Amino acid sequence: DHRSVMCVAPFWDYPAQVASISLTAASGERTIVYFDEMMIVDNTPFEYTQGWDKISEHTGVASGGTVLELTAYGLTKMSSDYVCVFTRGNETLQTMATVTSSVDASCETPVWGSMFPAAGGRVAVSVMQGGVVLNYAAGGLEAMTCGNETACNFLFTQVWNGTSGVSPGNGSASGGSMVTIEGFGFDPAAEYYCNFTASNGEWEVSMPVHPTSVTELTCT
């Protein structure tokens, strides 16, 4: 069609914004873009939007602190109003995101296990700026909803605090001592066993117990 020209929008290494489109002939001479039949203008607006494609890590401990590197586009460098939001059903937490360029940002996972069990499936990740959800494109050109794909989900694993999270640290060999273990992401609906193992390999196991919360269980 001699009345139309198709262009592929170039990569925009700047914050998302409205840019102006103008046409240049192969000879380098600038041509005029006709906005409509009643008006002649030099350029027309084109809006670049921001969004993100994937996160770098997809599994980490429920105590939080796993650094997620985000692959994105159109971000505003050094802006302080970006957040990463972690959602599973009605469970949600968020952390601040740091933007280092128009295509790079990072955030840490929250202490998910202080509020919710790690068990229950993957947690969907989304990115917001000023309360507005950014498009998730998964490397494509159109915004899409985060489903079960790994690129936009994170799996928390439960963890306990080792010797610093066990109280008391000793008890009678006759048994019966109540040992409290602290951790993150315990499932109160699940059964747990405490294994007591000596350096020579001798071991005993406690009776099954249910955690009293997502952060504590007591065994004997």
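Contact here means heavy atoms within 4.5 Å. With that in mind, Phe156 touches Gly60, Val61, Ala62, Phe86, Thr109, Pro110, Trp112, Ala118 and Val123, leaving aside residues up to four places away in sequence. Please keep in mind that this is a predicted model.

**Aromatic pairs**

- Searching the whole structure turns up nine aromatic pairs.
- One of them joins Trp52 and Tyr136, a tilted pair with 4.9 Å centre to centre and 45° between the planes.
- This pair links distant parts of the chain, since Trp52 sits in strand β5 and Tyr136 in strand β13, 84 residues apart.
- Trp52 and Tyr136 are each buried.
- Trp112 and Phe156 make a stacked pair, at 5.3 Å centre to centre and 5° between the planes.
- Trp112 lies in the loop between β10 and β11 while Phe156 belongs to strand β14, so their pair ties together parts 44 residues apart in sequence.
- Trp112 and Phe156 are both buried.
- Ring pairs also join Phe86, Trp112, Phe116, Phe154 and Phe156 into a cluster.

**Nonpolar cores**

- In soluble globular proteins, nonpolar side chains tend to be buried together.
- The largest nonpolar core here has 25 residues, and those with the most contacts inside it are Trp52, Leu68, Leu70, Leu75, Tyr82, Phe86 and Phe156.
- Two or more residues of this core come from each of β5, β7, β8, β9, β10, β11 and β14.
- Another core, of eight residues, lies apart from the largest one, and Val179, Ile181, Cys194 and Val209 are among its members.

Conventions
Residues are numbered from 1 along each chain as its sequence is written. This is a predicted model: local features need pLDDT of at least 70, side-chain atom pairs count only at pLDDT 80 or more; totals for chains, interfaces and linings use all residues. Side-chain values use heavy atoms; hydrogens and water are left out. Rings of Phe, Tyr and Trp (its six-membered ring) pair if their centres lie within 6.5 Å; planes under 30 degrees apart count as stacked, over 60 as edge-to-face and the rest as tilted. Helices (H or I, at least four residues) and strands (E, at least two) are DSSP runs, numbered from the N terminus. Buried means under 20% relative accessible area, exposed over 50%, partly exposed in between (1.4 Å probe, protein chains only). A nonpolar core is a set of buried Ala, Val, Leu, Ile, Met, Phe, Trp, Tyr and Cys residues joined through side-chain atoms within 4.5 Å.
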